[in-house]
Amino acid sequence: LFDVGVAGPIAGFLVLVPALFVALKLSTITVDPGDSAGLIFLGEPLLMRAATWMVFGTLPEGQALNMHPMLFATWFGMLATALNLLPFGQLDGGHLSYATIGRWSTPLSLATVLFAVVMTFHSLSWLVMTLMMVLMLVVFGPRHPQVGHEYEPLGRGRNAVAVLALIILIICFTPAPIELIRPK
């Protein structure tokens, strides 16, 4: 269960990071249009902020990053990776939490749903994910299905990989993924 849950996010992340740097090289710096134009603001995960700083340094006041389409694809990949690694139910993060902490994954799963509900009040872009999680909670229940040999310890290597998956979740997460900025 652990190996299946972690394989996809790590494989995607290993492709995403080099693609992020290539996409940043294809992007340009432009004049910041400010709030006067109607824009879609994409939240910046920590990984994207760090990579942008490494490629462009600190952007001068009044300047903004004009994203190449490939950069948008990597941003979306970070969003999908972070959402998939949330420790909830049948998401990969739910499999990982069940494989690492067993029955304690049920309260963590419920806390994740509560977190998503709270985040919806912070940013409406959480609404669809929150509704999907609540629906999954109602249909499948809060407990992860049992697996064979569930009490077998993971071992140091897999525990280290679990920490790596948590780090990937943190650096790919953004609290407000998409915000609409209306013209003033």
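Predicted model: local features only at pLDDT ≥ 70, side-chain atom pairs only at ≥ 80, totals over all residues.
**Entry 1: the largest pocket**

I started with the largest pocket and got a volume of about 760 Å³. Next I checked which elements the lining draws on. I noted β2 (39-42), α2 (46-56) and β3 (63-66), each supplying at least two residues. Sorting the lining of the largest pocket by residue type, I got 13 nonpolar, seven polar and four charged.

**Entry 2: the second largest pocket**

I moved on to the second largest pocket, with a volume of about 280 Å³. Here I found 14 lining residues, and the closest to the centre are Leu1, Phe2, His149, Glu152 and Leu154. For this lining, I wrote down α1 (2-26) and α4 (92-101) as the elements that give two or more residues. By type, the lining of the second largest pocket splits into seven nonpolar, three polar and four charged.

**Entry 3: Thr112**

Last, I looked up Thr112 and found it in helix α5, which covers residues 105-122. Is Thr112 buried or exposed? I read off a relative accessibility of 6%. The cut-off for buried is under 20%, so Thr112 counts as buried. I also wanted to know which residues Thr112 touches, leaving out those up to four places away in sequence. My list for Thr112 reads Leu86, Pro87, Phe88 and Met133.

Methods. Residues numbered from 1 in each chain as written. Heavy atoms only, no water. Helix = DSSP H or I, 4+ residues; strand = E, 2+ residues; numbered from the N terminus. Buried < 20%, exposed > 50% of the residue type's maximum accessible area, 1.4 Å probe, protein only. Contact = heavy atoms within 4.5 Å. 1 Å grid on protein atoms, 1.4 Å probe; cavity = no way out; pocket = protein on both sides within 12 Å on 5 of 7 lines; lining within 4 Å. Points joined across faces, edges and corners; volume = space filled by probe spheres on them. Nonpolar A, V, L, I, M, F, W, Y, C, P; charged D, E, K, R; others polar.
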